[in-house]
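I opened this model to look up its charged pairs, its pocket and its surface. My entries follow in the order I made them.

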Amino acid sequence: MDAVEILNKLVYETRKEEGCLQYDLVEDTDKKGVFFIAELWRSAEHHRQHNVSEHLLEFRRLAAPLLEDAVQVYSGYKTF
């Protein structure tokens, strides 16, 4: 599997999770192969459950050898 297939599978499985309001894969317009995920969860508990889900753990295992840089994670709350 290539990176895009792995990411698409993650998005597909995550969108089925209870509490997932948004989970969108975005590729940087200037840097091909650089992706980010915009996600929105009904609650912090739903997000915690996602972080230990089988498909996310599998994604991390499959994606690790493909990463050139460390993963950056930003957290926040929807304000508007």
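I started with R61, which I log as exposed because its relative accessibility is 53%, and the cut-off for exposed is over 50%. I note that this is a predicted model. R61 forms a salt bridge with E58, and the closest N and O atoms are 2.8 Å apart. I placed both R61 and E58 in helix α3, three residues apart, about one turn of the helix. E58 has a relative accessibility of 32%, so I log E58 as partly exposed.

I found a salt bridge between the side chains of R48 and E45, at 3.2 Å from N to O. R48 and E45 are separated by about one helical turn, because they sit three residues apart in helix α2. I log R48 as partly exposed at 48% relative accessibility.

I looked up R15 next and found a salt bridge with D24, with 2.9 Å between the closest N and O atoms. R15 counts as partly exposed at 47% relative accessibility. D24 has a relative accessible area of 29%, so I put D24 down as partly exposed. I note for reference that side chains of opposite charge can pair when their charged atoms come close. The count of salt bridges comes to four, and those I wrote up include R15 with D24.

How much space lies in the largest pocket? I read off about 1,800 Å³. I counted 39 residues in its lining, and F36, I37, V71, Q72 and V73 lie nearest the centre of the pocket. I then checked which elements supply the lining: α1 (3-14), β1 (20-27), β2 (35-41), α2 (44-51) and α3 each give at least two residues. Which of the elements gives the most to the lining? I found that β2 does, with seven residues. By residue class, I have the lining down as 25 nonpolar, eight polar and six charged.

I went back to V71, one of the residues nearest the centre of the largest pocket. V71 lies in the segment after α3 (54-63). I log V71 as exposed because its relative accessibility is 59%. With L67 and V73, V71 makes a nonpolar surface patch of about 310 Å². V73 is also listed among the residues nearest the pocket centre.

Notes. Residues are numbered from 1 along each chain as its sequence is written. This is a predicted model: local features need pLDDT of at least 70, side-chain atom pairs count only at pLDDT 80 or more; totals for chains, interfaces and linings use all residues. Side-chain values use heavy atoms; hydrogens and water are left out. Patches are made of residues with over 30% relative accessible area and no salt bridge: like charges are joined within 9 Å, nonpolar side chains (Val, Leu, Ile, Met, Phe, Trp, Tyr) within 5 Å. Accessible areas come from the Shrake-Rupley method with a 1.4 Å probe; for residues, only the protein chains shown count as cover. Helices (H or I, at least four residues) and strands (E, at least two) are DSSP runs, numbered from the N terminus. Buried means under 20% relative accessible area, exposed over 50%, partly exposed in between (1.4 Å probe, protein chains only). On a 1 Å grid over the protein atoms alone, a cavity is a set of points where a 1.4 Å probe fits but cannot get out, and a pocket is an open set with protein on both sides within 12 Å along at least five of seven lines; lining residues have an atom within 4 Å of a point. Grid points are joined across faces, edges and corners, and a volume is the space filled by probe spheres set on the points. Ala, Val, Leu, Ile, Met, Phe, Trp, Tyr, Cys and Pro count as nonpolar, Asp, Glu, Lys and Arg as charged, and the others, Gly among them, as polar.
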